[in-house]
Amino acid sequence: MSRVQLALNVSDVDEAVAFYSKLFNVEPAKRRPGYANFAIADPPLKLVLIETADARGHGTLAGLNHLGIEVESTDEVAAAAARLSAEGLATSTEEATTCCYAVQDKVWVEDPNGAPWEVYTVLADAPAAGTMERSAPTAPACCTSETVIATSAAERACC
């Protein structure tokens, strides 16, 4: 079996485990002091959490833009939104939004350090990047060179 591994620095491994258990609807495969990993079947992913209080920063500091889970249908996006809301996570939903040269339906959540995650489906290709604004009061347009070098999580939170 092949799968992508994603290793994230987190400031509090217990808080991160609680969040990612809700996001992926699975418990960690391994827990150690300051460490956890998840063997996630759907989507195939090995998620590793490393407690590094000073290394992570808030949001996506250190080059990470955002994280996403691509699903096959709008129904799956809606089901994810309902499940995440029921788990007590704050969600932000976008329908038929043009982002990253695609028309998408999506729901956003943030991990305990503010890193944005989207569960999305691509509805159609788009000839232009689109407005690419995340459904949040302070979210600016993204996928621009200014966004890549921006310092706030909200400014990097899409595409």
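This is a predicted model: local features need pLDDT of at least 70, side-chain atom pairs count only at pLDDT 80 or more; totals for chains, interfaces and linings use all residues.

Does Gln104 count as buried or exposed, and at what relative accessibility?

Modeller: Gln104 counts as buried, at 6% relative accessibility. Buried here means under 20% relative accessible area, exposed means over 50%, and partly exposed is in between, worked out with a 1.4 Å probe and protein chains only. Residues are numbered from 1 along each chain as its sequence is written, and side-chain values use heavy atoms, with hydrogens and water left out.

So where does Gln104 sit? Gln104 lies in strand E7, which covers residues 102-110. Strands (E, at least two residues) and helices (H or I, at least four) are DSSP runs, numbered from the N terminus. Leaving out neighbours within four places in sequence, Gln104 is in contact (heavy atoms within 4.5 Å) with Glu94, Glu95, Ala96, Thr97 and Cys99, and also with Glu118, Tyr120, Thr121, Val122 and Leu123. A polar atom of the Gln104 side chain lies 3.4 Å from the backbone oxygen of Cys99.

Val103, next along, is also in E7. With residues up to four places away set aside, Val103 touches Ala96, Thr97, Thr98, Thr121, Val122, Leu123, Ala124 and Ala126. Val103 and Asp125 are 22 residues apart in sequence, yet their C-alpha atoms are 6.1 Å apart.

Now for Glu94, one of the residues that Gln104 touches. Glu94 belongs to strand E6, residues 92-99. Glu94 is buried but has no salt bridge, and its nearest side chain of opposite charge, Lys106, is 4.7 Å away. For the bookkeeping, a salt bridge is a side-chain nitrogen of Lys or Arg within 4 Å of a carboxyl oxygen of Asp or Glu; Lys and Arg count as positive, Asp and Glu as negative, while His and the chain ends are not counted. What Glu94 does have is polar contacts from its side chain: one to the side chain of Trp108 at 2.9 Å and one to the side chain of Thr97 at 3.4 Å. A polar contact is a pair of N or O atoms within 3.5 Å; within protein, one must be able to donate a hydrogen and the other to accept it, and residues adjacent in sequence count only if both atoms are side-chain atoms.

Lys106 pairs with Glu118 instead, in a salt bridge with N and O 3.0 Å apart. This pair links distant parts of the chain, with Glu118 in strand E8 and Lys106 in strand E7, 12 residues apart. Both partners are buried.

Most residues other than glycine have a negative phi, and most peptide bonds are trans. Asn25 also has a positive phi, near 60°, but Asn25 is in the loop between H1 and E2 and counts as exposed, at 54% relative accessibility. As for the peptide bonds, a cis one joins Asp42 and Pro43, with omega about 0°.

Zooming out, the whole structure holds 2 salt bridges. Besides the Lys106 pair, Arg31 forms one with Asp14, the closest N and O atoms being 2.5 Å apart. Arg31 lies in strand E2 (residues 30-32) and Asp14 in helix H1, so this pair ties together parts 17 residues apart in sequence. Arg31 counts as partly exposed, at 37% relative accessibility.

The protein has 3 helices and 8 strands, running β-α-β-β-β-β-α-β-β-β-α from the N terminus. Of its 159 residues, 43% count as buried. Among contacts with a separation of 6 or more, 55% come from residues 24 or more positions apart.
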